[in-house]
Amino acid sequence: MTDADADTVTQEFTDRCGSPPAGVWSAPGRVNLIGEHTDYNDGFVMPFALAQVVTVAAARRSDDRWRVTSLNQDAANGGETQEFGRDDLEPGMSGWQAYVAGIVWALTEAGHQVPGADLVLTSDVPVGAGLSSSAALECATLTALADLGDLDIDPLERAKLARRCENEFVGAPTGLMDQAASTLCQVGQALFFDCRTFETEQVHLALDEAGLELLVLDTQTPHALVDSEYADRRRSCEEAARLLGVPALRDVTDVDAALASLPDPEMQRRVRHVVTENARVLAAAAVLREDRITDLAPLLDASHASMRDDFEITVPTVDLAVATAKEAGALGARMTGGGFGGCIIALVGAGTADAVAARVGAAFEAAGYGPPSHFVGLPSAGARRLR
Ligand code: GLA
């Protein structure tokens, strides 16, 4: 899709601004293979970048203003344009433009000279599906502005700045996974990422060679309550770490002793999820390093059960999708992303994703749910300049 989207934003930019853009950049959404709600507990995650991206054409302006058009907003009327200057950069700004303004803000706060710019963007990352469309927007904007301003910022630092935009400007208390995935992932690889030390390892995701593919199925369940539930889970983990006397749940080594010392059964379940999920990410990394990709399957299943029973972040549509995918022959399946709706991933035989998705569609219809959508997830490149 990238080439066609790059042509579209180039043409739209030229039509609107009267001259061609200085360049075109893109940044991807992500699927998280395993490691959910571990990032803000200083733990481990293993996402890969999707082929679905935000694509942005941009050029410098001579003043200190940013004029940005999203072709996805009000698409019937050719997109929506927002303009802001330095004085408008107030944390808490609402709307899609907050993700763009927040990047200008975060770069400026970090001492970078951000040039004024015109930007035209489009996205094929599904929104509200737990595939990090917002991180893709942040990282695409940041990549474009960093190049336009000749800013020397390495990919990890870019991810941290984009997270700062998300946490402090937009106001969502997320971890670093999504932005790290969008800036650091590479084609054909999953990213094994240590959220405390920021160590990264590219692990080959040899789906093809193993005769497998990864179905990504969007349950189309609206993310009601997602923000408050996310913040609630995060608070509960931080409180548990405090009670256990460790810097973060990453540091819990003896899970049984830790659970025995916590008074509240709900908090015990939250801790058990995080500690066992970290162990599953380490196991998954070992499995991929050794090219035993089918051994991922039981880890995916266990991760889902843990999110459902211990962390309690799944919803009935998601659980039905996972159970049905398994019945239809998936080797392993789990919800991916922050939870309370969104997508599941399923490890399935090559060429069978459509059939598995059709079975889930039939089960949804029988249960009175709306139709899901799906695609095959292809491990793709991180944020980059396209032209
Ligand atoms: C969202 C957040 C991430 C991470 C996941 C859950 O995607 O943005 O930081 O916490 O949820 O793993």
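Predicted model: local features only at pLDDT ≥ 70, side-chain atom pairs only at ≥ 80, totals over all residues.
By class, eight nonpolar, three polar and three charged residues make up the lining of the second largest pocket.

The largest pocket holds about 1000 Å³ of space. Its lining is made of 42 residues, which divide into 17 nonpolar, 18 polar and seven charged. The residues that lie nearest the centre of the largest pocket are Tyr99, Ser132, Ser133, Ser134 and Glu166. Several elements contribute at least two residues each to the lining of the largest pocket: the strand β5 (117–123) and the helices α3 (133–148), α4 (155–170), α5 (177–184) and α6 (226–244).

Where does the ligand sit? The ligand is placed in the largest pocket. The residues that surround the ligand are Arg30, Glu36, His37, Asp39, Tyr40, Thr174, Gly175, Met177, Asp178, Tyr230 and Gly338. By class, this shell has three nonpolar, four polar and four charged residues.

Glutamate 36 has an N or O atom in its side chain 2.7 Å from an oxygen atom of the ligand. For aspartate 178, an N or O atom in the side chain is 2.6 Å from an oxygen atom of the ligand. With glycine 175 the pair involves the backbone, where an N or O atom lies 2.9 Å from an oxygen atom of the ligand. Taken alone, the ligand exposes 300 Å², and the protein buries 93% of that area.

In outline, then, the ligand sits in the largest pocket, where the residues around the ligand include Glu36, Gly175 and Asp178.

Key:
Residues numbered from 1 in each chain as written. Heavy atoms only, no water. 1 Å grid on protein atoms, 1.4 Å probe; cavity = no way out; pocket = protein on both sides within 12 Å on 5 of 7 lines; lining within 4 Å. Points joined across faces, edges and corners; volume = space filled by probe spheres on them. Helix = DSSP H or I, 4+ residues; strand = E, 2+ residues; numbered from the N terminus. Nonpolar A, V, L, I, M, F, W, Y, C, P; charged D, E, K, R; others polar. Near = heavy atom within 4 Å. Polar contact = N/O pair within 3.5 Å; in protein donor to acceptor, adjacent residues only side chain to side chain. Areas by Shrake-Rupley, 256 points an atom, 1.4 Å probe, with all protein chains shown as cover. Sits in = over half its atoms within 2 Å of the grid points.
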